[in-house]
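Visitor: I have the coordinates open and would like to talk through how this thing is put together. Could you walk me through it?

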Amino acid sequence: MIQNAVKSREAILALAILAMTGLIATRFPGFIRPANLANVFNDTAPLIILALGQMVVILTRCIDLSVAANLALTGMIVATINTVAPDIPIGLIIAIAISLGALLGAFNGILVWKLDIPPIVVTLGTMTIYRGIIFLVSEGQWINAHEMSEPFKHFPRATIAGLPVLSWIAILCITLFAVIVARTPLGRAFFAVGGNPNAAVYTGIDVGFTRFMAYVFAGALSGLTGYLWVARYAVAYVDIAGGFELEVVAACVIGGVSIAGGIGSVAGAVLGALFLGVVKNALPVINISPFWQLAISGSAIIIAIAFNARAQRQKGRVILKTAEHAT
Amino acid sequence: MLASSQAIAAEDGNATAVPGKLLLSLSGISKEFPGVRALSEVSLDLYPGEVTALVGENGAGKSTIVKILTGIYQPDGGTITIDGEEVFFPTAHAASDAGITAIHQETVLFDELTVAENIFIGHAPKGRFGLIDTARMHRDAKSLLERIGATIDPGARLRDLGIANRHLVAIARALSVDARVVIMDEPTAALSHKEISELYDLVEKLKADGKAILFISHKFDEIFRIADRYTVFRDGELAGSGTMADVSEDELVRMMVGRSVDQIFPKQQVALGEEVLRVSDYCHPSEFDSIGFSLRKGEILGFYGLVGAGRSEFMQALFGITKPSRGTVSIEGRNITINSPADAISEGIVYVPEDRGRQGTVIGLPIFENVTLPSLSRTSRHGFIRLAEEFSLARKYTSRLDLRAASLDQDVGNLSGGNQQKVVIAKWLATEPSVIILDEPTKGIDIGSKAAVHEFMSELAASGLAVVMVSSEIPEILGMSDRVIVMKEGRIAAELTGEGMNPESLVRAAAGIAEAAK
């Protein structure tokens, strides 16, 4: 029943995105040309990738505010490596970015797991620490396009079957996470830990370790995005993706991932990110001020939360009814 | 002791506190919950300046009557009178306005507030502009605390106080609302000897003040020391009442349990197999001490004790949730180490917790995912869950338990309490354990589901499983167990078998009363 509600919530979100796209098309028909839609998707790809990682963290009743700082730090480090040793192949660069991101995520996870510090405090702290380290690594200097090697910059932009590599990586991540979440014991543990941590303990699930793994996933995806971001925009500096973590959390919330944990889906997170992506890309072309864009994103978050809260209340009523029969 | 306390009360000249004149009276009170009759036409009288002890087994209806007195529950029938006038308590506020206050087992106070704020929360003295008059609040708190002989700084944070001082704050709070009736629900449960004797002094002061006190306790020594009158509940009915001077320990015990085990339990006689589990010298720094026993195939071993005797705490340590400080466990003669629930499950020990909602099911996940949660390693290949195998495993065990559900896809949150219990048990059976620990398996479920759980437990034992059952219900423990271990204050107080398994021995061992002189 709840699953049906989740599915219908995703359907509603998909419809909202379609309706919005249709509305924009009446003002600016060019928006729905396939090439432009592919552009919008490519533009939203980093948000989608990060939302996937954030989703599993939120599923376990945690949050990761350090994803954007992780992205920026990893991006700066791989860019620095590239300037020092331009011959290192892209495959290795990507492996370094993913491992480094995972390491930074693991640091969050260890603090949450072993020291039992509230996740919001941990990641607020590491967010600042990671940004600080970027400054130390770069000494406040920018790394510009001319300092990066051609293959380094070109990789995310190369096209395969009409879509840029960046888009393909997002699609790969979506597929991978869909499988992990639905079909592995760890994926099931994310839901169990968030849905009822006490019951999870009695079931033999290590709640701390499960949360740790969620942070490692979120970190690995941040690291990967770090390289893609820096390469795509061909620039690395301290403040890249500043404040992006909030957009990532917003994508999850709009996509129906419950901040209280235990409820969410890959499809929801992706749709939430796409919704924000369409808003961001469409409004400027139909001459709506960027301030409206913020207002629309904000309203979408509140509407989504109100919607989720209502769904949860309905759930609560049913439970109460059965509990009455039980006593 | 008795005579002197009555003398103190008698000397008190307060008009509202004439001993012997009824202050609060409940008569014919009934309360029914779906499927359970919690109270049936009970009565209870409280007198000013006197302590009335309310005695009864777990589930006798003591908490229900306290909740009716404090306006949390409303009775289905019967009347409550104060000074001869009928009163109604539709809300907790109404009861509090009528001068009834309760001091609970775990006192409900606020850690981060000061003593004075705790005492006056909800009715703080107001000064100009409707703001709280802090100076007056501290003065009043100080005088209240002095009245009960406590030397606590009203400005201290509650967090920094010990349990005994917290009780004093709770009592001061009770006095601050001009209470006429004070309910004390097992107030000595967490206190040391010195603190207990201070509490007794305080009760004497309250008596001298003309308060009517309802004292709920399992400890016979303190009932005889402190109470003037007694009322005994048994299975939601009045089993007796009178003055302490006219009653003996033996008579009280008989009133508490006074019934044979007449309920029919579907216990099958099973030939016991070889030893499966042996626990020796299991200790914990604070919860239990030197617990040792063995368990054979096909056996149902009951664990009885009062609330707080350490039964669940021991079981949780055995299951790897908490760590013991010492002790060994062996399964089929092989010594094992249990560091986590996952270890226990892989060694074939499973634990069905008492609190289904909090510890049992994951609401939001469908039935089949709940059932297979601890068995995912068996339904996966190469790290991927195989949905078909998952479904067939879930179907196998839920149908064995006769689970009533529209589909296994359904959210467990939509099932009734009895059916949720079945999901939890199915979940553990699916791990194919050799020892199953059931903690209060029938608590809070309706009678029909209870019988089904009992029958199933019996079948489990017959199929060769070793069962440990923690229960506070005497008929259940006597009706279902082959052997009973009684725990008291973290230690094994008695092990009862055969003829020794009778209600009186259980109650005596659990409360620590010497065997009756026959």
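Visitor: Let's start in chain A: at what angle do helix α2 and helix α12 pack, and how far apart are their axes?
Guide: Bearing in mind that this is a predicted model, helix α2 (residues 34–59) and helix α12 (residues 266–285) of chain A pack at an angle of about 145°, and their axes are 8 Å apart. The crossing of α2(A) and α12(A) is right-handed.

Visitor: Which residues meet there?
Guide: From α2(A), the residues include A:Val40, A:Phe41, A:Leu47, A:Ile48 and A:Met55, and they meet a set in α12(A) that includes A:Val266, A:Val270, A:Leu274 and A:Asn281. By type, the residues of this contact of α2(A) with α12(A) divide into 14 nonpolar, three polar and one charged.

Visitor: Switching to chain B, what is the strand order in the open sheet?
Guide: Six strands of chain B form that open sheet, in the order β16-β19-β20-β13-β21-β22, with mixed pairing. Because β16 (349–352) and β22 (491–497) of chain B stand at the edges with a single partner strand each, one side of each is left without a neighbour in the sheet. From one strand to the next, the twist averages 20°.

Visitor: And β19 with β20, parallel or antiparallel?
Guide: Strand β19 (residues 435–439) and strand β20 (residues 466–470) of chain B run parallel and are joined by five bridges, and B:Ile437 has B:Val468 in β20(B) as its bridge partner.

Visitor: How many residues sit between β21 and β22 of chain B in their hairpin?
Guide: There are two residues between β21(B) and β22(B), and B:Glu489 in that turn has a positive phi of about 45°. The two strands pair in the antiparallel sense over six bridges, with B:Lys488 standing opposite B:Arg491 in β22(B).

Visitor: Which strands does helix α10 of chain B lie across?
Guide: Helix α10 (residues 311–318) of chain B lies across β13 (300–305), β16, β19, β20 and β21 (483–488) of that chain, running at about 135° to β13(B). Helix α19 (residues 503–511) of chain B lies across β13, β21 and β22, and runs at about 30° to β21(B).

Visitor: Last topic: in the largest nonpolar core, which residues touch the most other members?
Guide: Of its 132 residues, those are B:Met184, B:Leu277, B:Phe303, B:Phe314 and B:Ile436. Helix α6 (residues 163–176) of chain B gives the most to this core, with seven residues. A second, separate core has 102 residues, including A:Leu13, A:Val248, A:Leu271 and A:Phe275.

Definitions and conventions: Residues are numbered from 1 along each chain as its sequence is written. Chains are lettered from A and ligands numbered from 1 in the order in which they are written. This is a predicted model: local features need pLDDT of at least 70, side-chain atom pairs count only at pLDDT 80 or more; totals for chains, interfaces and linings use all residues. Side-chain values use heavy atoms; hydrogens and water are left out. A nonpolar core is a set of buried Ala, Val, Leu, Ile, Met, Phe, Trp, Tyr and Cys residues joined through side-chain atoms within 4.5 Å. Buried means under 20% relative accessible area, exposed over 50%, partly exposed in between (1.4 Å probe, protein chains only). Helices (H or I, at least four residues) and strands (E, at least two) are DSSP runs, numbered from the N terminus. Two strands pair if DSSP finds at least two bridges between them. Axes are lines fitted to C-alpha atoms, for helices over the stretch in contact, and angles run from 0 to 180 degrees between N-to-C directions. Contact means heavy atoms within 4.5 Å. A crossing is left-handed if the near helix is turned anticlockwise from the far one by less than a right angle, and right-handed if clockwise. Ala, Val, Leu, Ile, Met, Phe, Trp, Tyr, Cys and Pro count as nonpolar, Asp, Glu, Lys and Arg as charged, and the others, Gly among them, as polar.
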